[in-house]
Amino acid sequence: MNQFFYFRSDMRLCFPLLLCLAAALSSAFVISSPHMWTKLILTHHWPSTFCSMEHCHPNISYWTLHGLWPDKGIDCNSSWHFNSSEIEDLLPDMMKSWPDLLHPQSPGFWKYEWHKHGTCAAKAPALDSQHKYFSKALELYHKVDLNSILKKFDIIPSEKYYSFAQIEGVIENFYSVKPKIQCLHPENAEVQILGQIEICFDQDFTLLDCERHFTMETISKGDWDKLVPVDRASGFSVCDHDVPVYYPPLK
């Protein structure tokens, strides 16, 4: 009888410890919720390069916003329609910082970005409205101030070529994170053309290396490609580290 009493007492003592151990193991292996993004990609594109592919005529000689993309999810809520009246106070800055290079007077580009990426970013409370999403994108764009930083360190549009290391080094050294830099690769050319630069943030909007972050669920299922948004302008791909880079001036 006494042995049974001691056994039950031991079990009562051990049970809370087992629960704590289980919780600790769970937190160690579940990196993030399988339904929540873990990284935001602030994507800039260079108008001269974009328009060389899309046959538009930009009168812009600074890096503009392409989008703010969560690393997981595309078209997350098709019923959440874009409404420009909700961001009316942001429109002057949107027109300048996030212009539609193909159709400058149309809100179509912003509508597309909201439906494809904004509705997914909105899973975070800090981005759960159109105004929050677009205002945060503008805030991060101005905070990064990519155009000024490149100029400050003498990376300017020019007919001369840069090495990839020069461009990446300036960004990496200043922000202390690794960007993703994309180029246009013309056929039979000895140079690549600078086109797009991604700067990344975590869920707290702190700068982060632009590399893939996975949940245990996605790793176990092997869903590698579902984590990174495919919203690249046609023809852009990661720059070759060994090929000279042309940063085209406005013509």
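Author: Let us start with a word we will need throughout: a residue is buried when its relative accessible area is under 20%, exposed when the value is over 50%, and partly exposed in between. Please keep in mind that this is a predicted model.

Reader: Happy to. Which residues of α4 are called buried?

Author: They are Phe109, Trp110, Glu113, Trp114, Lys116, His117, Gly118, Thr119, Cys120 and Ala121. That makes 10 of the 14 residues, and α4 is mostly covered. As for what covers them, these residues pack against β1 (40-45), β2 (64-70), α3 (91-97) and α5 (130-144).

Reader: How do you know that the length of helix α4 agrees with its 14 residues?

Author: Helix α4 runs over residues 108-121, and at 1.5 Å a residue it should span 20 Å. The C-alpha atoms at its ends are 19 Å apart, so the two values agree.

Reader: And where is the kink in α4 centred?

Author: On tryptophan 114, where the kink is about 45°. Tryptophan 114 is also one of the buried residues of α4, and it is among the contacts of glutamine 130.

Reader: What makes glutamine 130 count as buried?

Author: Its relative accessible area is 1%. Beyond its neighbours within four places in sequence, glutamine 130 touches Trp80, His81, Phe82, Asn83, Glu86, Ile87 and Trp114. A polar atom of its side chain lies 2.9 Å from the backbone nitrogen of asparagine 83.

Reader: Now to the cysteines. Why is the pair of cysteine 51 and cysteine 56 called a disulfide?

Author: The rule asks for two cysteine sulfur atoms within 2.5 Å. For cysteine 51 and cysteine 56, the S to S distance is 1.9 Å, so the pair qualifies. Applied to the model, this rule gives 4 disulfides.

Reader: Why is the link of cysteine 51 and cysteine 56 given its particular hand?

Author: The torsion about its S-S bond is about -95°, so this disulfide is left-handed. Cysteine 51 is buried at a relative accessible area of 6%, and cysteine 56 is buried too, at 11%.

Reader: How do you know that cysteine 76 and cysteine 120 are joined?

Author: Their sulfur atoms are 2.0 Å apart, and the limit is 2.5 Å, so the pair is a disulfide. The torsion here is about 100°, so the link is right-handed. The pair connects distant parts of the chain: cysteine 76 sits in the loop between β2 and α3, cysteine 120 in helix α4, and they are 44 residues apart.

Reader: Are cysteine 76 and cysteine 120 buried or partly exposed?

Author: One of each. Cysteine 76 has a relative accessible area of 32%, so it is partly exposed. Cysteine 120, at 1%, counts as buried.

Reader: Which parts of the chain does the pair of cysteine 183 and cysteine 239 tie together?

Author: The sulfur atoms of cysteine 183 and cysteine 239 are 2.1 Å apart in a disulfide. Cysteine 183 is in strand β4 (residues 180-184) and cysteine 239 in the loop between β7 (236-238) and β8 (245-246), so the link ties together parts 56 residues apart in sequence. Both of these cysteines are buried. With 90° about the S-S bond, their link is right-handed.

Reader: What pattern do the disulfides of the protein chain follow?

Author: Counting bonded cysteines along the chain, the pattern is 1-2, 3-4, 5-8, 6-7.

Reader: What makes the phi of aspartate 75 worth a remark?

Author: Its phi is near 50°, a positive value in a residue other than glycine. Aspartate 75 lies in the loop between β2 and α3 and is partly exposed at 47% relative accessibility. Asparagine 188 also has a positive phi, about 60°, although it is not a glycine. This asparagine is in the loop between β4 and β5 (192-201), and at 83% it passes the limit of over 50%, so it counts as exposed.

Reader: Last one: what is the mean pLDDT of the protein chain?

Author: It is 84, with 77% of the residues at 70 or more. Over residues 3-32, however, pLDDT is below 50, and this stretch has 6 contacts beyond near neighbours in sequence. Residues 213-233 also stay under 50, and there the model has 50 contacts beyond four places in sequence.

Methods
Residues are numbered from 1 along each chain as its sequence is written. This is a predicted model: local features need pLDDT of at least 70, side-chain atom pairs count only at pLDDT 80 or more; totals for chains, interfaces and linings use all residues. Side-chain values use heavy atoms; hydrogens and water are left out. Helices (H or I, at least four residues) and strands (E, at least two) are DSSP runs, numbered from the N terminus. The expected span of a helix is 1.5 Å times one less than its number of residues. The bend at a residue is the angle between axes fitted to the seven residues ending there and the seven starting there. Buried means under 20% relative accessible area, exposed over 50%, partly exposed in between (1.4 Å probe, protein chains only). Contact means heavy atoms within 4.5 Å. pLDDT is the predictor's confidence in each residue, from 0 to 100. A polar contact is a pair of N or O atoms within 3.5 Å; within protein, one must be able to donate a hydrogen and the other to accept it, and residues adjacent in sequence count only if both atoms are side-chain atoms.
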